[in-house]
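Colleague: I have not looked at this one before, so could you walk me through it?
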Amino acid sequence: MSMPTRTRQHHRLRRTRHLACVTVLVLGAAACGDDDKSSSSTDTSAPSTSEIAVTEVWARTSAAGQANGAAYMVITGGAEDDSLVGASVDVTIACETQLHETVPAEEGEEGSMTETSTTMKTDTEMGSDTTVGSDTDPCADLDDMSGDMTTTTAAAGSGGTDAETDDEMKDDEGMDGAMTMREVDAIDVPAGKKVVLEPGGYHVMLIRLIEPLVAGDKFDIELEFEKAGKQTVTAEVRDE
Amino acid sequence: MNVRSTVALALALAIAALAGACGGDESASTDPTKKDSSLAGIERQPTPDVSTVTLPDVSANGQPFTTIADDGELLLVYFGYTNCPDVCPTTLADVRRARRLLGDDADRVDLAMVTIDPARDTSEMFPGYVQTFVPGAQALRTSDATKLRAAADAFGADYSVEQKSDGEIDVSHTAYLYAVDDTGKLVLQWPFGISSDDLAHDLATLLDRQSAETN
């Protein structure tokens, strides 16, 4: 598959600036169960010929006691290059939603994967606290654990520079299936190209599931594209 | 596809190719018990011996459990943790699916998951988690860090659980799934991303081998 290198770099520069507001957007939307499609400010350049198509949206059934889940899908780019910059689910599904990526680990541990877990931003700074029932808020304990907890992971924490990506690639050589997982600010959706969110790669991480995900259940995920705006898709819970 | 995903895929393919998994995928998917002796997993040389690894099984009130399969059976061993959103459930779900593909032989494949995050994976909740994937599976948990490290070393597994200054918990762990025979030998291991079809095929092959040796 060809790598649109210049496009990616371009996106990354913009992503850095968008990081803060995207996060707020994701949390805000999750907290409010926001369905509104009023993304007119971002879709002025919406493609007129073909739109982004999202198919095969699914999440695995959750095991007993499993705190976090993941949703997967296939995104086919529209008429122009775009990127997925956020995702959210209703508060009845999970406390928070993030875009994540499982990638080869940097440190070369044999066959190991690094995953960051139980991450939760304090809601006070996000202003979403008021939209969640205070007495029965299943996410409240996360808020109480640490007011300073952050979702910032390796990428953003180390600067998330473009140069870092290339260095990592070189370091990865010769490693035996070792991977790491981290939050990403955006997932490129090149025009007309398929981007697959799948186990071991990109996924929409559902942090602190409210109820177990049961086979056959369906739930909505609101995707936020940088240019095309919001699109709500329905995930099917599968026992696979 | 992202740069890193490409690398991951390339690595996975390289591993699969090295292990001789290039052929027979389709036939394996239609009949996982097909008598094709090539294995998708990795056979280590020399074969590690894990028959001395004993950990408390919190699904049985903490009774000591030794990582040896029952006679004529196989024991799958996985080092992971329940807060894991992507790789652990993916691997364990593949085990579940592979066991279904094995049909009647499913009962000859057991699972023991070792938690590398005993602080959060409590004795109360951990058995339920692992038994979601395989009924009757062992939930191995020790809060003795030395013992856990020794167990992982025997398998060649590695892990770390670090709480960073901002409260975030970073967990890393070996993503291999291990197969142990009824003598406590680590006969095969699979990297993350192995298909449940290949897994089922390998398990059927290993079970056949084991039966042939005992007969």
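This is a predicted model: local features need pLDDT of at least 70, side-chain atom pairs count only at pLDDT 80 or more; totals for chains, interfaces and linings use all residues.

Colleague: Is Trp58(A) buried or exposed, and what about Tyr72(A)?

Modeller: Trp58(A) has a relative accessible area of 9%, which makes it buried, and Tyr72(A), with a relative accessible area of 0%, is buried as well.

Colleague: And how are the rings of Tyr129(B) and Phe133(B) arranged?

Modeller: Their centres lie 5.5 Å apart with the planes at 70 degrees, so the pair of Tyr129(B) and Phe133(B) is edge-to-face. Both residues sit in helix α4 (residues 126-133) of chain B, and because they are 4 residues apart there, about one helical turn separates them. Tyr129(B) is buried at 0% relative accessibility, and Phe133(B) is buried too, with a relative accessible area of 3%.

Colleague: Which residues of α3(B) do Tyr129(B), Thr132(B) and Phe133(B) meet?

Modeller: On the α3(B) side they meet Cys88(B), Pro89(B), Leu92(B), Ala93(B) and Arg96(B). Sorted by type, the residues of this contact between α3(B) and α4(B) comprise 6 nonpolar, 1 polar and 1 charged.

Colleague: At what angle do the axes of the two helices cross?

Modeller: The axis of helix α3 (residues 87-102) of chain B comes within 8 Å of the axis of α4(B), and the two cross at roughly 50 degrees. The helices α3(B) and α4(B) are therefore described as oblique to each other.

Colleague: Staying in α4(B), is Gly128(B) buried, exposed or partly exposed?

Modeller: Gly128(B), which is also found in helix α4 of chain B, is partly exposed, its relative accessible area being 30%. Its C-alpha atom is separated by 8.6 Å from that of Ala139(B), a residue 11 residues away along the chain.

Colleague: Changing topic, what sits over the ring of Tyr159(B)?

Modeller: That is the charged end of Arg149(B), placed 3.9 Å from the centre of the Tyr159(B) ring.

Colleague: How many helices and strands does chain B have?

Modeller: The secondary structure of chain B comes to 6 helices and 9 strands. Chain B has 215 residues, of which 55% count as buried. Among the contacts in chain B with a separation of 6 or more, 69% come from residues 24 or more positions apart.

Colleague: Back to chain A, where is Phe225(A) found?

Modeller: Phe225(A) is found in strand β10 (residues 218-225) of chain A, and at 0% relative accessibility it is buried. Setting aside neighbours within four places in sequence, its contacts include Ile52(A), Val54(A), Ile75(A), Leu84(A), Val85(A) and Val189(A), and also Asp82(A), Ser83(A) and Gln231(A).

Colleague: And how are Phe225(A) and Ala235(A) placed?

Modeller: Phe225(A) and Ala235(A) are 10 residues apart along the chain, and 17 Å separates their C-alpha atoms.

Conventions:
Residues are numbered from 1 along each chain as its sequence is written. Chains are lettered from A and ligands numbered from 1 in the order in which they are written. Side-chain values use heavy atoms; hydrogens and water are left out. Buried means under 20% relative accessible area, exposed over 50%, partly exposed in between (1.4 Å probe, protein chains only). Rings of Phe, Tyr and Trp (its six-membered ring) pair if their centres lie within 6.5 Å; planes under 30 degrees apart count as stacked, over 60 as edge-to-face and the rest as tilted. A charge sits over a ring if NZ of Lys or CZ of Arg is within 6 Å of the ring centre and within 35 degrees of the ring normal. Axes are lines fitted to C-alpha atoms, for helices over the stretch in contact, and angles run from 0 to 180 degrees between N-to-C directions. Angles under 35 degrees count as roughly parallel, over 145 as roughly antiparallel, 65 to 115 as roughly perpendicular and the rest as oblique. Contact means heavy atoms within 4.5 Å. Ala, Val, Leu, Ile, Met, Phe, Trp, Tyr, Cys and Pro count as nonpolar, Asp, Glu, Lys and Arg as charged, and the others, Gly among them, as polar.
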